[in-house]
Amino acid sequence: MNLIFFGIIGSGKGTQAELISNKFHIPIISTGNIFRRNIKNKTKLGIQIEHILAKGHLVDDEITVQVLKNELKKTNLKKGIILDGFPRTLHQAKMLEHILSIDHVFNISLSEHEVRTRISNRRTCKCGATYHIKHNPPKKEGICDKCKRKLFVRDDSKPAVVKNRIRVYKNKTEKLIEFYKEKKILININGNLAIKEVFKQISDKIIELKKK
Ligand SMILES: [Zn+2]
């Protein structure tokens, strides 16, 4: 089963992809993680990507697809694959058609209000610890449990930035969603529920699809 996971920031898409991967033993390829790993290890590719990102550009489709192809060669595809963070553009989706046949696309949707609530409730500490005011609050309000420093709101969690990220995401994925909808392989998942319930929706769906 070859799957794609789409989901807006705050939708828990990455978490769901991992839970599904563990349950059904399907490996995940996350191009974002591969990029980050290469940058960290200062590989030739990593240095190239770092230059692109430093200029504020997006990694172009050709490089991204090449990275995906290399990773697919190294992966056992017997049980299929989960693609997380790919394709990001319609062009990438069309290139993917020549590489892999996709069976199902899960789109975890979340209301804009819910995205804002989830992101604005995030708190971070300099030590790397993260909290959520509602779901994972620190013992003492505004103070890190681990190092007792004051918690703060990350720049990319600020309302104006979140608003912009939602707009960019919608612009980019709208065409992709439409593309897979036309192919009749798009499955919409209600991401407004708790992680456990969203997971249940997706895994029930996969079990149902496997029977077919
Ligand atoms: Zn801390």
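**A walk through the sheet and its helices**

Visitor: Which residue stands opposite Ile-29?

Guide: Welcome! Keep in mind that this is a predicted model. Strand β2 pairs with strand β3, residues 81-84, in the parallel sense over three bridges. In β3, the residue opposite Ile-29 is Leu-83.

Visitor: In what order do the five strands of the open sheet stand?

Guide: Let's build it up from the pairs. β2 pairs with β3, β1 (residues 2-7) pairs with β4 (residues 104-109), and β4 pairs with β7 (residues 186-190). The pairing in this open sheet is parallel, and the order is β2-β3-β1-β4-β7.

Visitor: Which strands have one side left without a neighbour in the sheet?

Guide: Look at the two ends of the order β2-β3-β1-β4-β7. A strand at the edge has a single partner strand, so one side of it is left without a neighbour; the strands standing there are β2 and β7.

Visitor: Which residue of β7 stands opposite Phe-106?

Guide: Start from the strands: β4 and β7 pair in the parallel sense over five bridges. Phe-106 is also in contact with several residues beyond its neighbours within four places in sequence, among them Leu-3, Phe-5 and Ile-202. Its opposite number in β7 is Ile-187.

Visitor: Which element gives the largest share of the largest nonpolar core?

Guide: Good one! This core has 22 residues, and those with the most contacts inside it are Ile-4, Phe-5, Ile-82 and Phe-106. The elements giving two or more residues to it are β1, α1, β3, β4, α6 and α8. The largest share is four residues, and it comes from β1.

Visitor: Across which strands does helix α8 lie?

Guide: Find α8 at residues 195-211. The helix runs at about 150° to β7. The strands that α8 lies across are β4 and β7.

Definitions and conventions: Residues numbered from 1 in each chain as written. Predicted model: local features only at pLDDT ≥ 70, side-chain atom pairs only at ≥ 80, totals over all residues. Pairing = 2+ DSSP bridges. Contact = placed C-beta atoms within 7 Å. Axes fitted to C-alpha atoms, helices over the stretch in contact; angles between N-to-C directions. Core = buried A, V, L, I, M, F, W, Y, C linked by C-beta atoms within 7 Å. Buried ≥ 20, exposed ≤ 12 C-beta atoms within 10 Å, placed from the backbone.
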